[in-house]
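Reader: I have a model open and want to talk through its layout. Can you take my questions as they come?

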Amino acid sequence: MPWLSTLMAVPVLGAVGVSLVKNDKLAKQVALAVSLVVLALTVVMATRFDPSSAERFQFAEVHQWIPRFGVHYGVGVDGIALVLIALSALLVPIVILASWHDADGTGAAAPPKRSVRTYFALLLVLEAMMIGVFAATDVFLFYVFFEAMLIPMYFMIGSYGGVQRSYAAVKFLLYSLFGGLLMLVAVIALYVVAEKNTFMFPELIGAIQDPGTQKWLFLGFFIAFAVKAPLWPFHTWLPDAAAQAPAGAAVLLVGVLDKVGTYGMLRFCLELFPEASKFFTPLVIVLAVVGIVYGAIVAIGQTDMKRLIAYTSISHFGFIALGVFAMTKDAGAGATLYMVNHGFSTGALFLIAGFLIYRRGSSRIADYGGVQKVSPVLAGSFLIAGLSGLSLPGLSTFVSEFMVLMGSYERYKVAAIIAASGVVLAAIYILWMYQRTMNGPTAESVKGFTDLNARERWVVGPLVALLIVFGFFPKPMLDVINPAVDKTLSSVHVTPFTPAVAEKKGAGQ
Amino acid sequence: MTTHYLVLSALLFAIGAVGVLIRRNAIVVFMCVELMLNACNLAFVTFARQHGNLDGQLIAFFVMVVAAAEVVVGLAIIVMIFRTRRSASVDDANLLKY
Amino acid sequence: MQSPVEIFQHSGGVIGVSWLMIALPLLGAAVLLLGGRRTDRWGHLLGVVMSLAAFVVAVAAFVELLGLPAGERRRAISLYEFIPGVADTGLLIDPLSISFALLITGVGSLIHIYSIGYMSHDPDRRRFFSYLNLFVAAMLLLVLSDNYLGLFVGWEGVGLASYLLIGFWQFKPTAATAAKKAFIVNRVGDLGLLIALFTIWSVFGSFAYKNLGAGAVQDALAGGSLSQGTVTAIGLLLLLGACGKSAQLPLQSWLLDAMEGPTPVSALIHAATMVTAGVYLVVRSGAFFEAAPTAQLVVTIVGVATLLAGAIIGCAKDDIKKGLAGSTMSQIGYMMLGAGLGPVGYAFAIAHLITHGFFKANMFLGAGSVMHAMNDEVNMRRYGGLFTVMKITAVTFFIGYLAIIGFPLLSGYYTKEGIIETAMEHNEILGWLAVLGAGLTGFYMSRMVFMTFFGKRRWADDAHPHESPSVMTVPLVLLSIGSIGLGAYLILGNRFMKFLAPAVGLPAELPEPHIFGVGTVGLATLALVAIGAAFAWFRYGAAEVPEVAPRGSFLTVFARRDLYGDALNEALFMRPGQWLTRIAVFFDNRGIDGLVNGLAAGIGGTSGRVRRIQTGYVRSYALSILFGAAVVVGALLYVGTM
Amino acid sequence: MGETVTFWVLAVVSVSAALGLVFSRRAVYSALMLGVVMLSLAVLYAVQDAPFLAAVQIVVYTGAVMMLFLFVLMLVGVDSADSLVETIKGQRFWAAIAGLAFVLLLALGVGNAAFSPAVGVEGAAKEAGGNVPALAQLIFTRYVFAFEVTSALLITAALGAMVLAHRERVRPKATQRDLARARFAGPQPSPLPGPGTYARHNAIDMPALLPDGSVAVKSINRVLARHDMEDGIRPTDPEKAALIRQVIDKEKAGEPDEAAGEAAAGEGFRVEESVAERNPAVESPAAAQGAPAEDGVAERDSAVAGHDREAAQREEGQ
């Protein structure tokens with residue numbers, strides 16, 4: 001069974017169906033049902049995945065697409081792609097459920113420009129694109145999905161967003177296109193230089209040997225991914241886009257779309273251009289560390305909830321990039337795990353912030369206060385989501401952050417120590433936001449708040465449960481990720497980390 | 001002799017082109033365009049003779065047909081514009097700018 | 001000196017299911033949090049039951065441990081793989097951890113019971129008990145884990161519980177701020193702990209205690225894979241972590257603010273258990289500290305500095321809870337001092353920790369009882385003469401008082417005296433400073449007792465003090481029994497030393513402690529304590545206590561302001577931090593985003609100018625077309641001539 | 001030899017006619033000049049062994065296309081002269097440069113090419129038995145598809161012209177009765193005064209005299225009066241001249257916005273090309289007779305508004 005093609009086809013067909021349904025409520029239900037079908041399929045696929053298999057990409061499908069240029073419709077997943085696809089498949093039904101009223105225009109400062117069902121159709125199209133981008137094993141196909149993802153997101157921000165949505169949407173699109181076009185040049189150059197007459201990723205590994213060429217191509221790919229991720233200083237589109245996007249779209253934007261950047265660094269930058277990656281590692285590590293500290297400091301100074309969360313993500317993406325380029329097993333696995341966990345964590349934060357904003361009609365932190373008193377469940381889930389944002393042990397984000405920092409420390413001590421200061425800053429921005437919104441005397445404007453209703457609990461519940469379960473028992477995910485990271489690092493040819501004690505012992509023998 | 005014909009053709013073409021550039025009356029501009037087409041036809045006919053190939057003449061014939069169709073539509077457009085704007089000046093139809 | 005004994009893998013028995021100690025309170029917390037209002041009616045009972053159940057498991061495990069030969073009393077059980085290749089989740093039941101477990105579950109259960117009464121009027125009592133249970137679970141994970149990663153998880157877990165409980169009355173801005181402050185200051189310490197863990201990992205490639213024993217550290221040092229500098233760094237970083245959690249200088253400032261929480265919280269978390277986690281960490285990491293004398297010295301200096309600072313702060317506070325908080329700081333300073341003195345010091349530090357857990361919890365709960373009676377008044381200048389109206393509270397408080405000042409034969413006397421004498425052996429200056437601290441303790445604790453229970457009644461008009469219900473007084477009585485006899489029981493005959501020996505590695509031969517020592521140091525200590533108490537009587541017992549605090553000398557103000565710790569933090573970190581934040585935000589909006597938007601505006605402006613070329617005049621366009629045609633012809637000619 | 005002579009004669013004629021086409025102020029002259037060029041070219045085709053083309057040139061171009069041009073000219077205003085004042089800065093200069101450059105470059109290219117003596121098309125024509133059959137053979141064999149497409153093009157063009165030129169009637173056509181009603185409702189039920197009685201030559205431009213001997217203002221044809229003004233033919237009678245002036249001024253005052261716009265454009269009283277082409281609306285009998293506002297008036301209003309807008313925009317552009 002062509003699992004991955006099915007996973008992409010189902011949401012696309014669903015999107016067509018949703019756009020044909022005339023009744024808005026029915027459209028929502030259809031969209032939810034389709035996304036749940038995709039989730040179920042993903043779960044079945046994940047159970048059939050064999051982490052110990054020698055075959056690197058499983059469920060692989062390869063068909064000729066443009067034979068003249070060796071372009072294939074090539075899809076397949078390894079552990080890294082699998083967990084990210086699972087993340088996407090999981091977040092979409094949650095987002096659909098959370099966005100139930102986002103496109104209705106009730107309580108929004110700016111009425112939506114398009115119909116309700118268009119929004120849900122766009123969500124499903126986006127899901128197909130997200131699955132495709134992670135599943136692609138053909139570099140060209142990856143590029144196609146990489147750019148195609150922008151379109152539904154552009155419309156979701158530009159048509160359903162806040163007051164400044166067109167500015168944010170255009171900024172998002174221009175930034176991404178800028179990076180994407182650089183990547184296109186690099187993709188074509190890769191094809192030409194490699195002289196293999198194929199875009200298939202597995203065949204391109206090790207195809208470029210010349211260090212000078214590697215460096216240029218690396219930059220082409222890397223800048224695209226750095227914009228996407230976003231890495232400091234390419235980040236300023238994210239706060240605008242995330243703040244203007246409807247909460248659900250923001251979740252997918254920050255939770256999944258941006259992961260394509262870090263995923264691309266891990267998969268393409270490292271494996272296709274190992275020498276260049278090593279050459280640029282100091283630069284990337286500096287950018288990542290600056291991003292961690294800078295994002296956190298700027299987040300502290302924000303007055304808008306969604307912008308604040310966006311800046312925390314910039315800080316977190318710094319961690320992921322650090323983990324990817326530390327090029328140790330622990331850091332790599334941690335970074336991959338971080339991508340997934342960050343999706344849960346930021347997803348929960350954005351969605352709960354969205355519930356708050358839906359109730360109050362404002363995303364300014366100063367407009368809240370004392371929500372805990374009137375809506376304890378809302379406040380409690382917000383706290384858990386926030387604590388996952390500051391990587392509290394016991395929540396899954398801790399495992400990933402710890403592994404990233406530990407893995408980075410194995411090779412880059414100073415960078416890891418500076419990055420670890422993000423731990424303190426994270427506590428400041430999260431708790432200060434929590435205090436300003438949830439604690440203190442109940443503000444007049446907040447008095448009429450209702451607590452989370454059943455639908456909203458179904459949104460928050462799974463995320464919180466996942467955060468806690470994987471916080472104590474991350475093994476299932478790590479078992480899938482570890483072999484894939486090992487394979488990635490083996491094509492980079494780095495000496496694996498050995499503790500000083502073992503090293504001495506080894507030398508002694 | 002071919003050279004002479006061709007130079008004449010070029011000259012007529014250029015005069016037509018300059019006419020298009022400096023006249024504002026849409027009808028006159030149209031006439032200048034016709035002049036340019038005719039100049040081209042002359043060149044086609046000349047080349048047909050030069051190479052002993054009737055295709056050139058045939059192309060000239062097609063040019064005429066197309067020119068006729070063009071004139072019909074073009075003049076209809078001019079009449080319509082004139083009716084609404086009371087002007088046949090090409091400069092007056094300048095909304096499509098910036 | 002002998003090394004601690006090896007760690008044995010264990011299965012079966014009560015120790016095999018000792019994870020229940022953690023799981024039961026955790027289950028309680030989960031049920032209470034998820035159950036919501038439905039569990040309001042019986043929530044507090046569930047909390048108590050879970051805590052008591054954990055205590056029962058702990059006692060059973062303790063008994064089973066005692067049944068083993070002394071050389072095999074370090075039992076590890078592994079539960080599951082936590083992070084594959086990095087660390088497993090496992091528990092280590094050894095004398096050190098089981099002592100803590102008993103303290104946590106025992107004192108914890110008493111405080112749970114006490115809270116039933118104390119929180120009876122609070123609509124959110126159920127939530128309070130869920131947090132208490134969460135705390136107990138996290139604290140047990142901290143002490144029972146068999147590796148540093150598990151310890152860290154528990155470490156942060158108690159931080160979370162502390163945050164939740166300090167901010168329990170979250171509608172009070174002061175409480176919310178105090179909670180946040182506690183968490184953030186703790187995080188600074190956690191940063192140190194984290195980096196220490198990374199360093200340990202990069203050297204040893206493991207977090208498990210069994211791979212990080214004294215032998216392993218010595219081998220690594222000898223083998224050259226661990227430099228002296230690195231081990232010192234590890235020690236100092238661990239100390240930083242300990243300072244955060246245990247409110248030692250320079251991370252002490254959160255503890256006084258933490259008194260915003262309900263009083264049982266102050267008793268359980270900020271006196272008896274959580275704040276002693278730092279001491280546990282230092283003792284548990286003895287292998288590293290013993291390899292790093294510099295780090296050990298710093299530990300003792302920090303301990304002494306804190307014990308003096310806490311005592312000085314305690315002298316000037318009118319808020320009864322803050323006074324007790326200062327005293328807690330001071331007593332933990334003693335423990336930290338002990339923890340920096342090697343194996344013998346460890347034993348005394350842990351012993352003092354346990355007795356302190358009893359008498360400090362006793363006094364905090366007593367203070368809570370007083371507040372309960374006085375409409376939540378905390379200002380001691382509004383107390384006075386309470387002895388007559390609440391006798392049980394007063395008597396139990398008085399026992400705790402005697403214990404803490406080191407009144408002979410009571411708990412505190414033996415343990416504190418032990419620390420002071422061990423310190424004296426190491427370093428006389430530190431020893432004498434510790435003695436001075438004892439004198440100060442005598443003064444400020446006496447001041448507290450006299451202001452609260454004796455003298456004239458200075459009550460508020462609407463105060464009608466009464467004795468607390470028995471659900472509150474029974475725990476007080478039980479705790480005061482511990483305050484009386486526990487010290488003697490533990491220290492005399494070196495009972496505790498021998499018990500603890502396998503975990504920390506004590507010298508085989510220990511001097512037999514006396515029931516009442518008459519050494520120079522002991523007498524000096526007693527004398528100083530007596531002078532302090534007398535001075536307090538003179539100032540606060542016999543004399544009139546003004547209801548409004550006099551301005552006081554420079555020293556008083558200094559102490560009242562917490563030694564300007566907050567002011568220092570504010571000037572050094574908060575204000576520059578705020579400026580940095582503002583600058584960064586400005587830079588982000590105007591600098592980076594400004595650059596990007598400027599670029600966009602530049603392109604927009606240029607195209608705005610360039611588009612003027614599109615005049616709309618057909619003839620202009622035609623002109624450019626003709627030029628283009630001419631250029632093409634020229635180009636063709638040029639190419640043709642080439 | 002005969003060809004050379006023919007060529008030179010026709011070359012001179014056609015080039016001068018082309019120049020005349022470009023530079024004559026009146027569109028009618030331009031059209032006639034174009035006719036001359038086309039005829040010359042037809043002869044040149046014939047000289048170059050393309051008798052069919054020559055015939056088609058005369059029949060289709062000179063006969064049909066030129067007629068179409070003339071018809072449209074009639075519709076648009078046959079005798080108005082275009083102003084040759086250039087409004088786009090540098091347009092003429094650069095047009096001249098570009099045209100010269102173009103012609104020089106082409107001439108250079110052509111001149112540099114060394115042509116062998118012409119092959120001539122007789123050979124090709126002979127096979128099919130003459131020029132016309134040869135062409136026919138080509139059309140219906142090799143170019144049959146293009147030919148069919150051309151037919152479609154022509155039909156489409158015809159249809160397009162019809163659609164474009166057609167105007168939907170938005171109100172019912174005024175019947176005789178309506179017109180009569182309107183006339184009697186209006187200010188002038190009676191016919192306008194006839195032209196002058198004492199005319200010596202073209203009576204239509206002479207005003208009628210009222211019984212008291214004064215000039216009847218309404219008898220002056222304003223269009224003709226304006227043409228007279230433009231052409232500089234002033235009535236010798238000063239009184240009449242003043243009257244004509246008065247009529248024209250009145251006409252201008254009726255369109256104050258336009259006047260202001262023109263004044264702003266610095267064009268003063270001079271009636272400019274566009275004005276001349278715009279004014280025929282006034283010429284329509286209905287307007288002249290003060291008949292109820294028909295389409296023409298509405299159209300004029302919109303045209304005026306359009307003009308204002310454009311004038312403003314042009315100013316802005318400058």
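Reader: Residues 6-22 of chain B: what share is helix, and how far apart are the end C-alpha atoms?

Author: That span is 100% helix and 0% strand, with its end C-alpha atoms 24 Å apart. Helices here are DSSP runs of H or I with at least four residues, strands are runs of E with at least two, and both are numbered from the N terminus. This is a predicted model, where local features need pLDDT of at least 70, side-chain atom pairs count only at pLDDT 80 or more, and totals for chains, interfaces and linings use all residues. Residues are numbered from 1 along each chain as its sequence is written, and chains are lettered from A and ligands numbered from 1 in the order in which they are written.

Reader: What does UniProt say about residues 6-22 of chain B?

Author: The unreviewed UniProt entry places the feature "transmembrane region" there, and also at 27-47 and 59-82 of chain B. UniProt positions are in the numbering used here, feature names are shortened, and annotations may be inferred rather than shown by experiment.

Reader: And 59-82 of chain B, what is the end-to-end distance?

Author: 33 Å between the end C-alpha atoms, and that span is also 100% helix and 0% strand.

Reader: Which chains share the most contacts?

Author: Chains B and D, of the 4 pairs of chains in contact. A contact means two C-beta atoms, placed from the backbone, within 7 Å. On chain B 66 residues take part, against 78 residues of chain D. Helices H1 (2-22), H2 (26-51) and H3 (55-85) of chain B each supply at least two residues, and H3(B) gives the largest share, 22 residues.

Reader: What is the makeup of that side of chain B by class?

Author: It has 42 nonpolar, 15 polar and 9 charged residues. Nonpolar covers Ala, Val, Leu, Ile, Met, Phe, Trp, Tyr, Cys and Pro, charged covers Asp, Glu, Lys and Arg, and the others, Gly among them, are polar.

Reader: Where does chain A sit relative to B and D?

Author: Chain A does not touch chain B, the nearest C-alpha atoms being 21 Å apart. Chain A and chain D do not touch either, at 29 Å between nearest C-alpha atoms.

Reader: Switching to chain C. Which residues touch the most other members of the largest nonpolar core?

Author: Leu140(C) and Ala434(C), out of 446 residues. A nonpolar core is a set of buried Ala, Val, Leu, Ile, Met, Phe, Trp, Tyr and Cys residues joined through C-beta atoms within 7 Å. Buried means 20 or more other C-beta atoms within 10 Å of a residue's own, exposed 12 or fewer, partly exposed in between, with C-beta atoms placed from the backbone. Helix H7 (residues 173-204) of chain C gives the most to this core, with 20 residues.

Reader: How many residues of H4(C) are buried?

Author: 22 of 24, so H4(C) is mostly covered.

Reader: How do S2 and S3 of chain C pair?

Author: Antiparallel, over 7 bridges, with S2(C) covering residues 75-83. Glu81(C) stands opposite Asp88(C) in S3(C).

Notes. Two strands pair if DSSP finds at least two bridges between them. The expected span of a helix is 1.5 Å times one less than its number of residues.
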